[in-house]
Structure formats: C-alpha cells, structure tokens
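Hi,

Here is the structure I promised to pass on. Have a look at it first, and then read my notes below.

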Amino acid sequence: MHDIARQLDEQSRRSFISHAAKAALGVSILPSAGHLLAKSPEAASAATKAHCDNVIFLYMRGGMSHVDTFDPKTTEVKGMSSPIKTKSPDLKISSLLPKLAQLGNHLAVVRSMHVRTGAHAEASYAMHTGFSMRPGTSHPHLGPWAQYFQGKRKHDLPDSVIVAGGNPGPGFFTPEHSPFPIGDPTKGIRDLLPKIPKHRFNKRVKLARQFAESFEYYFPHQDVKAYSDFYDQTIRFFNGKAAEAFDLNKEPRPMRDRYGVDPFGQGCLLARRLVENGVRYVEVKFKKNWDVMHRGMTAVEDLAATLDGPFSELLKDLQSRGMLKRTLVVLATEFGRSPKINQSGGRDHHPRAFSCVFAGGGVNGGQAIGATDPKGQGATGKTYQPKNLHATMAYALGLPLDERIHGSGGRPFFVGGQADPIPGLFS
Amino acid sequence: MKPLPLLAIAFATLLFGGVQGFSQKAYTPSPERKQIMKAAVGRIDAAVGGMLQKKGLAYNPPLNDHMFMRRIYVDVQGSIPSYELAVKFLNNPSPSKRSGLISWLLGQPGHVSHLYNYFADMLRIQSKVPGTVLRTDAFSKWFKDSLQKNRPYNKIVYDMMTSDGRLWDDPASGYHLRDAGMKLDHVAFMTKVFLGKDISCAQCHDHPFEDWTQMDYYALSAYLGEMETKVAPPKRGKGNKGMYKNIRFKRDDFIPFVAKQRGLDPDNEKDKLTLRRYTNRYGRDAREIIEANALKVWEKKGEKLRLPDDYGYDDAKPGEVVKPRMLIGQEYKAWKDLPPREKIARWFSTPQNKWFAMAIANRMWAFYFGRGVVEPLHNIEVGEAENKVLLEAITDVMIDLQFDLKAFSWVILHTQAYNKLATRHKVEVNKDYYFPGPLLRRMSAEQVWDSLVTLMTENPMRYRAGDGDNFLQLVNFAGINTPKQAFDRINQFRTFKPEHVLEDSATGKPAFEKGKGNKGGNAPMMMTRMKGGRTVLARASELQQPAPDGHFLQKFGQSERNFVINASSRTGSVPQVMELMNGYATANLTQPNSLLFRKMRNEKDPAKRADIVFLSILSRKTTAKERELLLAELQKGNEAMSDLIWALLNTPEFFFIK
C-alpha cells in the first residue's frame, strides 16, 4: 500500500483510496456502477459493454506446442498428429485433441500469438499480466484489475482465485486485491478451516473479540480496523459459502470422474464451482509441464490428453448449466514449441508464433484468427502480443481500457497496456 | 607451519565466543564514541522537540516498563521476549535497566537476524542467484557477520561494490551476482538503496518529473562499464556462438557411467530410451553447474558502455560510448588513476557524500519509527522535507558516528520521541508528521514468525544458516576434468538438500546430516510436516530466502525480493487470518504439550497460569477486567487455557507494535 499510495498524485490517490476502500470493505456493488459516476460518457459506454461476467484462465505451464495442438500441420513438422475436422467447418485442430474437436464450434483459436522472449519466467509473466517484467514494478493479473474497476462481488468469497499457480499477489494494487491462492484443488481450503467443533471455534472468536476491545478502543487506527474487518470477513468465509464453494467433495462422484483424476481436471471443476458461486476470475494452472524438449514426442500425447478431457468437460458443463455465455474461457501458455524437432527428439522454445484459445463468454466460436506458415514457424499476418490478450479479456469483462492508473514510480498504467483487443472474437 | 591453524582456531574462539559463533555480550562503544552518542541524542531531541513546539504539539504519553520492554524487544531483536527474559527485566530493580536492555539487545544475534531481514528486503536477497542453481548462503552469512561485527556501513557497501571473483572467492560478490546480466537495472537499484535516489525512469527516457536525464543514468552506469558478472557471457546468434565455449561435458559423455550404474545396455533398443532419460538429467545438471561456475565478478578491460540504439536526445548519438560521470558532484582529482569501479565505490561510500549518509540515516529512522523523516525512502526530496532540521541532524549523526549502525540505533532508541507510545491514529503518507512518537505498526512478517518461533522453541536462534561452504565445494568444478569425475560429483551434488546449510549453534555441527534424511537432524522437533511441506522452526533470517509459496512468512507479506526493493507488506488478508486461526503455529501452541503449557506445569493457580500466558504472548499481566472475564473460564483446565492462548494470538495487540 505504502509504496503505491505515496506515489500517486492527489486525484488518483483519492480515486485509488475509494477503490481500495470498496475492495477492503467487501462492499458488494453492481459491476461498474460505482465506478462510472465520475467518468466521461465515452468511457462509460466503453465500460458498460461487457460481453461476459466471468473469466476462467487455463494456463499451460511450460510452453504448449502449437503444432501438436491447435495449429496442426501436414508438412514434415507435423510430429505424431495430423489435422482433424471439428464441429466447425472453418477450424481444424490436432488429432491429439479429439474431444475438443467435438466442440470446435465453440473454439476461437488465435494462431498468431507472439512474445518477445523465450525465457519461461519472463514470457509467463507477460502472459499473466500483459506487461514485460520491469525491475521496480510488479504488475497485477487480470483478477485484481477487475476487482479494482468493478468492486468486490461477494462479501464472503474472494474475487479471484488461482489454482496451483503460486501466489502472485496484487501487483501494484492494495493487498485486498490479491488473488486467493489454492495449492491443491482437491484439498481446497481444507487445511485452513477450523479443526475444532464449531461451538468451540465460536467461543474462541468471542474471547478474542473481547480481548481486542481495549486495544481497538485505544488505537482507533485504520490498520487495526482493517484487521477486525479481515477477521469478520474470514468468519463470514467459514460460516458462508466459501468452505462449500472450495470443497470438491460437494460435487457428485460422477461429476468428479468426468473431469478426470489429473489435478488439472479437478482444477477445472473447481473453477466451474467457484464461478458458479460468484468468483469472477479463476486461473487454473496445468500441473504437468509442457517443457518437454528433452523428453521426446511421446510425452506430448499424454499432455494433450490431459488437456483434451478436462477442457472439453468444462465447456460442456458450463454449457449445460447455462453459464457458458457469460463465462469466457481462455487457454494460454508462455510460448509455442519449435516445429523442427531437436536432437533429443523434442521441441524447443518458440516465442515467434503460437496459439491461444478463446471459448464461451460471447466469443464467436468455430474459427481461427491469424495463421502460421505451413511449417508453423512464423505468423503470416498480424501478430498479437500478451497485451492484446489482456486487452481482449478486459474488454470482454467490460473494463475501461482507456482509464489511466498510477502505479509505482508514478508511472501510468492501463489495463491491457493500451493495446487493442484481438479483432474478430466478439460481434 | 603446522601449528598455525590450531592457533588460529583458538584465536577465533576467543574472539567470537566459541561454538556460538557470535559474541553474546552487550554492545559497548568506546568512551569517546559514547560521548558523541549522548550528544547526538540531545541534538535529535532538540530537533524533534523544537518542531513539535513550533507546531503547538506535544509528545505522546510515555511507555511503562511492560510497553517499553515489548517494543524494544520487537524492534531490536525482531521478536517478542521469552517469558523468562520478560520476568527478568520486570523484576530488575535497577533505575538504568532500560538503557541496559537496549545495549544488551544490540549485542545479541537476534538483532543481527532482524536487521539482516531489513537489508535482505532492500538487496532482494534470494537463496539462489535467480535462474541458476548457485546458492548464495555465503553472501548472506558474510552480510550477517558484518552486521554482528558492527563493521561501518559504508565499508560494507564499499566491499560489496568492489567485490571480485566467484562467490567462493569473495562472498561479497553475491551483491553484484544477484543482478547478473542486468547491469542497467542493477545501477537503478543501487541508487535507490544506497543514495535514496530513484533514477530508474531515465533508463529509457529523461525522467519526466525530475532532473535526471537518460545521459545521467548511462554516465553513472558507465563506471560499471568494464564489470562482467559472467565468464564468457553467451552471445546471441546461431549455432555455437550462442553457447558457452567451455562446456566440458555433454550428455553422451555420461552414457557409460549411467549404463553401468543402472545396469542398462547401450546397444539394446529398449534400454536406450531409459538410458537417454537418465543421461539427459546428467547433461542438464552438468550444464547448470557449469553455468553456476560461470558466475563471476570481473573486469573486462577496455569494455565500454554504449548508449542504446534508440537514444533520442541531441547531446550524443545512439550507440556512442558513454563517458563515466558522477550523478551529483564530481570525481576527486586524487582518484584520477583509479579503476572506474573503485571510483564509484568510493564516491558512494565516502562520508563526504551526504546523499549516502542521509539515505541510510533516514532508513534506520524508518526502521524504528515506521516512517522516514522524509518519504519515500528510495527517493528523497530534500527540498520537500518538512523536517529539514531533523533530516540534517540524523545525517550529521550518521557521519559523526562513522556509519556505526549499532551506535546509531542506540541513539535513536534513547531519544524522547522513540520512548513514547505509538500515535493512536493512522498518519497518511502524504500528511506531515512531526514524530511525537513512533507510528503504530503491524509487525513485519518476519517479526510475527520470529515471535511465534520464540513461543514454540527454547532457543529460537539455535539453528542458523551457515556459509554454505559444503554446497560451494560441490558446485565448484575447478579440477573436474573427466566425465567420470563430473559424474561422481553430480551424484554428490544431488544428495545436497537446502537444510544441510543449517548449523546447530549449540554444538557447532550441521543440524542435519547428509544421507540421514530429515530424521537425521540433531533436533527432530525442528522439522514438522505441514501441508505436505516442511517447516523448520528457525528464525526467518535462517530459512529459505524468501520463504516458499504458502509459507506463513509469505502470507504475512514477506517481500518476494524480485523486482521491487522493500516490497514487503504489513497489510492483512483473509488467508493470513486463516493462518493465525487454524495454521500450524497456532495448532502447535494450543496443544497441551507445547512449550507454553510446559511453562505453566508447576503453577496450579489458574489466575497465575493466565499471567504466564499473558506475559508470554502479550508481555504484560492481565488487567482486572480481563481477570474478571476469565474467572469462571479458567477453572475448566487445559481446554480453557488452550482457548485463551488461541484468543490472544488472534488479537491485534499480539501483532501490532504500540
């Protein structure tokens, strides 16, 4: 909090603090409503045109090979797969993804993604934030951006959750904007739940509140107050929906089986469950690793299968619950894999051109946007950067792409880095 | 020559107090220095007092013994006092016991641990050089030792800036190696940390709101123009040009040894795949170890820093060689013939450079008051300082004390302002503040964790990270010339676990022995299973830097030590509260065989038992109102006591410093 607030000019400080208060107090407000009051009419109209309410961000750790998945080739680089028809006449994907092919009408594949670096950490950072790594600055993921602009949605649930993806923090926003980190989707928040009977837990809480009184009375300090708010929030968490929303055991066994035993599958199921309960943004990180340049091509078959099942189940599940229209599912990765197979029989890092996928959330499915040459090396037309991907997601959620935020060092920031959303995805 | 090592050991033992490794004595300055320190307290009191008077303000109320003790422990040794030490202080009848406690704590290893955390946050110290396998324990240990020996701060900085060689040649080289391969960013961090000047915007363009130009930035960086952080840095390009020239071992070199070890036949088609998988790992390990050997601070004579290709100002052309120039002031003529890095190191750390003294004085002030005399700490604007007299005073004091940080701490801790209750209300960062007392602060992540470790273990400083020499000996590939040697060394290297750097200061031996797994530890209590991970009950400064994902320290806002200096946070969150309610430490402390319960064992009177709990956790006794509240409750035995412990750990009084 300190570093950022002290860098702000007066006006943005005020607006920053009001946003922060909104987030901290867990006030549930209508999307954008509070935010729009002080905005110009153009900004308002841009901000209200939301195409979806939720985003599920599926992240392929390690660099997903594009030619083996969503950009299959018929040339010598094809590897062990070939293009197959999908439900859409305009889209072919790899034969390693037969279940997703059945849902081709939902998929919009962007085949001309590009990042500037072939290093995992840097490229992954860019794909998660839309910005390049810069010493001195920590950029937020999209979840905190959305919470900043639209306020916290539920008082007893976090606004964004990251499954198996570490704890990236709130970037330059205040800690209330931090995504809630979950390590193992099958455990959820079980380790953090009270392990004693409810009446005893409540007794302890009551005792603690009584002991806190004199301190809180002597120090009517915002930071102390913030803690008592966090205690209240946590107790609401325990008493409210959170424990259930995070608990996969509440899902019927057949449903859990549908998503498969791999942690990624269970993560996808948890994402659906969380979104259903009111979480706005969920990232699920692929537990396996696409970084298989030394392991040869057989590994790819397994990785593709681990993706194919859960991703397709998630889309079907969302659709059957009527949630697909308002939930944007994005599949992203840090870079592609070299179409040329290396000495070890694997593929190397390939930041020049690779694929990401959009589905649901008002996206026009059944199409490919952009293309690579027949050997999968480079894009044949315009390329899209991580910032375009973020601008696209922000645009879909109805976030104002043109509103300036002052982050650390007084530098201005825009969600999506002032880039254009990828065209052709939404009508 | 033979008797010499023995003698040296005996001498070292005398000096540093034997197996403890550190002296346990109180901080005792020379009488001359003590004079300066006392005068300095007077000067600062006058500056603060004068300012308060001018504004018609008064100091906050004074601290009673309990409050003083709690504050001084948390601020100086970085954790709450143990029950025994609390009782000892409170029962001490001496009228000078407060000053005595300050001096004693400044001499303790706990203070080094706490101050190290503060610097580790600023220097963004990580357990490994980012992106490599090279552990940096040697640097951390060197830094802690420097603090313990109370080497002047400007000498420590000078040593870091002029360090040379690999980590095992010169542990201070860990400072430059931290930012290996990112020289320009390194310079930006350097000015923020050591000068309190943020010039980072000028890396890409002239600073929009300040005077720094891109040329200033490059001219300062040019002093490091010859400095390299890697041997034979790889050049971009195709084929062999992109590789280290001196890769001595390739994957296939390991085939015969792996085949023998695993009983695989290189000619058998089926075995071939398995063999490849194993040899790949040896190839990768060899590459990573050789990359770690390539990390070295050295000068490439004649190498010059050039302006970027997109340099867009009129004073020079893109790609032109930049002439070194100091950011403020000028080079001394006498330094004319010194190497460039020597020049910049001297310029930074000379007592004549007021920026340097001001930056550290202001940081140390903030360390104890929760706010600098000027903010932000990394970018001081003297012109905007409301407290100019005070700023000048602390800068002069730092110079007069010759950068003796313990003396400077002693001075601050004796000022009237520090010895007052924390300010009741929040002071916004953009509001002026005249220091009627410190700010109310939540403890840092490290202070909360170290306080819990103090509650959980008899001697929280018992297990300490060593210099990692056992690791460096494995990673140092000098003399490894044949694939067989490399194969054997890699096998040894793989048995190394991070906990092997921990030493038991009670015995002087490693806390965990190789090959015995975690159970081989001398203190099995230290390790416990927690969420599938292990938690070592040692102070934060001795654990992995920074603590891994999901660790208590991370939840409480320990800095990532990544791209931002002082990125630690003291704000709450839901996962944090969950951790205090239901996490490992609370579970440990509330069970009936915890250290806290053991301390109550001999006490039968429930009211007195409650006092032990209060003194242990909050450093005070129960109030009449609290006793009333507890009266009926406490007759119920262990369960009630455990509920009481839980409740106190979950009150703001536990984790706020008042």
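**Two helices in chain B**

Helix H12(B) crosses H13(B) in a right-handed way (right-handed means that the near helix is turned clockwise from the far one by less than a right angle, left-handed that it is turned anticlockwise). Before I go on, a word on the source: this is a predicted model, in which local features need pLDDT of at least 70 and side-chain atom pairs count only at pLDDT 80 or more, while totals for chains, interfaces and linings use all residues. Residues are numbered from 1 along each chain as its sequence is written, and chains are lettered from A and ligands numbered from 1 in the order in which they are written.

Back to the pair. H12 covers residues 255–262 of chain B and H13 residues 269–293, and they pack at an angle of about 120 degrees with their axes 10 Å apart. Helices here are DSSP runs of H or I with at least four residues, strands are runs of E with at least two, and both are numbered from the N terminus. Axes are lines fitted to C-alpha atoms, for helices over the stretch in contact, and angles run from 0 to 180 degrees between N-to-C directions. H12(B) and H13(B) are therefore oblique to each other (under 35 degrees counts as roughly parallel, over 145 as roughly antiparallel, 65 to 115 as roughly perpendicular, and the rest as oblique).

Which residues make the contact? From H12(B) they are B:Ile255, B:Val258, B:Ala259 and B:Arg262, and from H13(B) they are B:Leu275, B:Tyr278, B:Thr279 and B:Tyr282. Contact means that the C-beta atoms, placed from the backbone, lie within 7 Å. By class, that makes six nonpolar, one polar and one charged; Ala, Val, Leu, Ile, Met, Phe, Trp, Tyr, Cys and Pro count as nonpolar, Asp, Glu, Lys and Arg as charged, and the others, Gly among them, as polar.

**The rest of chain B**

Chain B has 28 helices and nine strands, and 47% of its 658 residues count as buried (20 or more other C-beta atoms within 10 Å; exposed is 12 or fewer, partly exposed in between, with C-beta atoms placed from the backbone). B:Pro81 sits in the loop between helix H3 (65–77) and helix H4 (83–91) of chain B. B:Pro81 counts as buried because it has 25 C-beta neighbours inside 10 Å. Leaving out residues up to four places away in sequence, B:Pro81 touches B:Met69, B:Tyr73, B:Ala86 and B:Ser619.

**The sheet in chain A**

Chain A has an open sheet of eight strands in the order E6-E5-E7-E1-E8-E11-E4-E12, with mixed pairing; two strands pair if DSSP finds at least two bridges between them. Strands E6 (180–182) and E12 (367–369) of chain A are at the edges with a single partner strand each, so one side of each has no neighbour in the sheet. Strands E1 (residues 54–60) and E8 (residues 327–333) of chain A run parallel, joined by seven bridges. A:Val55 has A:Leu328 in E8(A) as its bridge partner.

**Where the chains meet**

Chain A brings 52 residues into contact with 47 residues of chain B. On chain A, helix H1 (2–5), helix H8 (198–218) and helix H9 (222–239) each supply at least two residues of the side that touches chain B. That side of chain A has 24 nonpolar, 19 polar and nine charged residues.

Cheers

Terms used
Two residues are in contact if their C-beta atoms, placed from the backbone, lie within 7 Å.
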